[in-house]
Amino acid sequence: MKLKKLLFIFCFLLCVSGFSQILSSSVEKKTIALGEVDHIVVTINNLNNEKVSAAPENELLPFHFEEVKDSISQTQDVYYRRIEFAVFEEGKFTIPELEFKVNGKILKTIPYEIDVINTAQKTDPINDIMNNKEVKLEVTDYWELYKFYILAAIAAVALIIAVVMFIKYGRKQKDSPVVATNQTLKELDSLQKKKYVETGNYRSFYVELIDISRKFITRQYRLPADVLLTDDLIDLMKKNNTISQENERVVEDVFLRGDLVKFAKTFPDKETMEKDLASIRDFVKRSSKDLEFENLRKDV
């Protein structure tokens, strides 16, 4: 009876081993020279049409192991993978357990330790394959050697010149008094077309009118009108003397009235609103004379 049990267990183990996958691996050399090509082979048997999953080609081995060639082949029953590699640093390096997944089961190789040595000696002679020759280079040869550096230098110089020209002329053109004046006049025309005067929407009218005027003073006269309070701006204009007295009076009158309207302390009529719009428009047109006078004063 005991013999039958042993026979049964032996047959069972034989059947299991016959249908289970068997992984084997081997490394050609455990000691290699710097840069010498070695290889590791991994074989899995008894696949029974099962698919093997592993790291993709040239990505199985860890850092330090430079994979030269990674070849994979698989039949119905056998998976075969041969990886040729080289190491370019001296020392001991380990190929860890490499994992392969078959039908949800993880199979692992054993780890291998590779000893990398430098076989070169300081006393080894260095022999040239052939004697050195002196070659005379022509102009075309120098051009072929250095043309990319020359072209890059020319491109860099051209770029610098283009940037300087843009800063010197392009920006001036964009910020010129004529451009600022024309742009502001268009904004004032757009404000008039909104019919704030006709509908009696005096608050929106003065908010936009003063906002347009502040931006214009900032661009045209280089004064921080966009951040200063009205009283501070008026005081700065009088001390700066860039804006003529006539234009100062227009700005002071319209800006002070706009503040009163904003805080509902005054309610201007239609004629006052039309007059203020016309006054700001005339101020914008006259601004070029202020700048001409300022330039003359600087020259003197």
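Is Pro111 buried, partly exposed or exposed, and at what relative accessibility? In this predicted model, Pro111 has a relative accessibility of 48%. Residues count as buried under 20% and as exposed over 50%. Pro111 therefore falls in between and is partly exposed.

The setting of Pro111 is a loop. This loop runs between β9 (105-108) and β10 (112-117). Beyond its sequence neighbours up to four places away, Pro111 touches Thr94, Ile95, Pro96 and Glu97. Leu98 is 13 residues from Pro111 in sequence. In space, the C-alpha atoms of Pro111 and Leu98 are 7.8 Å apart.

The protein as a whole contains ten strands and eight helices. It has 300 residues, and 28% of them count as buried. Its accessible surface is about 21000 Å². Carbon and sulfur atoms contribute 57% of that surface. Among contacts with a separation of 6 or more, 61% join residues 24 or more positions apart.

In soluble globular proteins, nonpolar side chains tend to be buried together. The largest nonpolar core here has 30 residues. Leu188, Phe205, Leu209, Ile217, Tyr221 and Phe283 touch the most other members of this core. Six helices each supply at least two of its residues: α3 (177-193), α4 (196-199), α5 (202-221), α6 (230-240), α7 (245-262) and α8 (270-299). The most comes from α5, which gives eight residues. Phe205 has contacts with Leu191, Tyr196, Val197, Met273 and Leu277, leaving aside residues up to four places away in sequence. Another core, of 24 residues, lies apart from the largest one. Its members include Val27, Val42, Val52 and Val87.

Helices α6 and α7 also pack against each other. Their axes come within 10 Å and cross at roughly 175 degrees. Angles over 145 degrees count as roughly antiparallel, so α6 is roughly antiparallel to α7. On the α6 side, the contact is made by Thr230, Asp231, Leu233, Ile234, Met237 and Lys238. On the α7 side, Glu248, Val251, Glu252, Phe255, Leu256 and Asp259 take part. By class, this contact has six nonpolar, five charged and one polar residue.

Technical notes. Residues are numbered from 1 along each chain as its sequence is written. This is a predicted model: local features need pLDDT of at least 70, side-chain atom pairs count only at pLDDT 80 or more; totals for chains, interfaces and linings use all residues. Side-chain values use heavy atoms; hydrogens and water are left out. Helices (H or I, at least four residues) and strands (E, at least two) are DSSP runs, numbered from the N terminus. Buried means under 20% relative accessible area, exposed over 50%, partly exposed in between (1.4 Å probe, protein chains only). Contact means heavy atoms within 4.5 Å. Accessible areas come from the Shrake-Rupley method with a 1.4 Å probe; for residues, only the protein chains shown count as cover. A nonpolar core is a set of buried Ala, Val, Leu, Ile, Met, Phe, Trp, Tyr and Cys residues joined through side-chain atoms within 4.5 Å. Axes are lines fitted to C-alpha atoms, for helices over the stretch in contact, and angles run from 0 to 180 degrees between N-to-C directions. Angles under 35 degrees count as roughly parallel, over 145 as roughly antiparallel, 65 to 115 as roughly perpendicular and the rest as oblique. Ala, Val, Leu, Ile, Met, Phe, Trp, Tyr, Cys and Pro count as nonpolar, Asp, Glu, Lys and Arg as charged, and the others, Gly among them, as polar.
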